[in-house]
Amino acid sequence: MVLLGLQIGWDSVMRMSADLRDLFLYEAFLYYNPLLLVALMIWLWGVNLWVFAQSSVNYVKVFDLAQTHLSHREIWRSAAWLTLIVPTSMTAYLYLYSHGEVSLAASQPVLLYAILLIVLLSPFDMFYLSSRFYFLRTMLRIILPLQAITFPDFFLADIFTSMSKVFSDLERSVCRMVNRQVATIAWFEADSVCGSHSIAIPLVLVLPYLWRFFQCLRQYKDTKEKSCLLNALKYSTAVPVIFLSALKYHVFPDQWVSFYRPLWLVSGVINSLYSFYWDIKRDWDLSILTRIFMFKGPSTWTNLLYGRSWVYYWLLGSNLVLRCTWTYKLSSHLRHNYITVFTITALEMVRRFQWVFFRVENEWNKMTAKQNFEMSSDMPSEADRLLESNSHTV
């Protein structure tokens, strides 16, 4: 069915004139690509949960989930629905516009966004109410870190940093819908309220990093650990990358080339290398790097991945390369090639998907080590047992 929809959409695109084809492909891509990337993230999260269920990592305790939490199958079912309805809406948009039904075409992305928002916020006991409430509650805790930061809080906020481009495109899409620029060429003006030079773009891009920055400050307030300040510094290094890039549209070209672009390049290198170092040194425990793939039962995946040195080198190499591509993803002046940016954003989600395995396992190992220590502290020592035995004898 999806392939049929893609075929109809492609035939509809071919009906357009060459002048309009690129414009409206770009516009359609803007409305629908963030939702496709969300679907990809949900698919990958389902894979994460499937691996956790096969291994010894108790992700239910790590995230403090209720017994009614979604399984990997339910996660995949949700991803499948989203993967189905987003291309369907995009096909309808392209088909209706190519056949002259401009107003009906313009309503397609608006209806899709409205339906998804209603489903997400619905107070009725359907569409996994408890899981939606858990997600929305965690989002509120991320935006307003007024309480002690829990593992789910900063874990989801870290995932949001990988989706900053998604949030930016969602903002631009909603902006065009509110200003009635859907299925028109008015939005293509770079200096318009929803254009590519809008100040809202860097502001939305930086939000996930500011959320994590303030979470780190809150953690420092609660724990007084200096590593929280170093982590806050890591997230702050993304700010100059984002705003120096946006300056290209607001300064003279010679100023950009001679002064601001070198600063942007330096800040991009600092952000990428600092983030890579933090992944390896702080977020992961390299001594147990591939134990996550030691499944409870016999599995081909265990034979392929557990204890293999190539997994170690792949993880380090891919993480470093994809960390460096953040500069492209976060830089609005490089976003003219939407296919390239979509690919890089998708690869960033794959990087985050890899990161999830070892970050959650590392947290589980810390929890079990703490529990074992507390249990050993509660048990009487050999000397205490001997003294107690002697006192009973007397």
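Predicted model: local features only at pLDDT ≥ 70, side-chain atom pairs only at ≥ 80, totals over all residues.
1. A term to start with. A residue is called buried under 20% relative accessible area, exposed over 50%, and partly exposed in between. Phenylalanine 127 has a relative accessible area of 49%, so it counts as partly exposed. Its place is in the loop between helix H5 (102-121) and H6.

2. Is arginine 180 buried or exposed? It is exposed, because its relative accessibility is 77% and the cut-off for exposed is over 50%.

3. The chain as a whole. The secondary structure comes to 17 helices and 0 strands. There are 394 residues, and buried ones make up 45% of them. The chain exposes about 20700 Å², with 68% of that supplied by carbon and sulfur atoms. Take the contacts between residues at least 6 apart in sequence: 73% of these join residues at least 24 apart.

4. Helix H7. How does the length of H7 compare with what its 12 residues should span? At 1.5 Å a residue the span should be 16 Å, and the end C-alpha atoms are 17 Å apart, so the two agree. H7 is largely enclosed by the rest of the structure, because 12 of its 12 residues are buried. Among them are Phe151, Phe154, Phe155 and Phe160. Asp153 and Asp158 are also on the buried list.

5. Threonine 150 is found in the loop between helix H6 (129-143) and H7. At 32% relative accessibility, threonine 150 counts as partly exposed.

6. Valine 360, in helix H16. Its relative accessible area is 0%, so valine 360 is buried. What does valine 360 contact, leaving aside neighbours within four places in sequence? The partners are Phe52, Val57, Val62, Phe63, Phe151 and Phe155. Phe151 and Phe155 belong to H7. The C-alpha atom of valine 360 is 8.8 Å from that of tryptophan 284, a residue 76 places away along the chain.

7. Glutamate 363, also in helix H16. Is this charged residue buried or exposed? Glutamate 363 counts as buried, because its relative accessibility is 16%. Leaving aside neighbours within four places in sequence, glutamate 363 is in contact with Val62 and Phe151. Val62 and Phe151 are also on the contact list of valine 360.

8. The second largest pocket. About 510 Å³ of space lies in it. Its lining has 22 residues, and Gln219, Glu225, Ser227, Arg359 and Lys366 lie nearest the centre. The elements that give two or more residues to this lining are H7 (151-162), H9 (200-223), H10 (226-236), H12 (253-283) and H16 (338-378). Which of them gives the largest share? H10 does, with 5 residues. By class, the lining has 11 charged, 7 nonpolar and 4 polar residues.

Conventions. Residues numbered from 1 in each chain as written. Heavy atoms only, no water. 1 Å grid on protein atoms, 1.4 Å probe; cavity = no way out; pocket = protein on both sides within 12 Å on 5 of 7 lines; lining within 4 Å. Points joined across faces, edges and corners; volume = space filled by probe spheres on them. Helix = DSSP H or I, 4+ residues; strand = E, 2+ residues; numbered from the N terminus. Nonpolar A, V, L, I, M, F, W, Y, C, P; charged D, E, K, R; others polar. Buried < 20%, exposed > 50% of the residue type's maximum accessible area, 1.4 Å probe, protein only. Contact = heavy atoms within 4.5 Å. Areas by Shrake-Rupley, 256 points an atom, 1.4 Å probe, with all protein chains shown as cover. Expected span 1.5 Å × (residues − 1).
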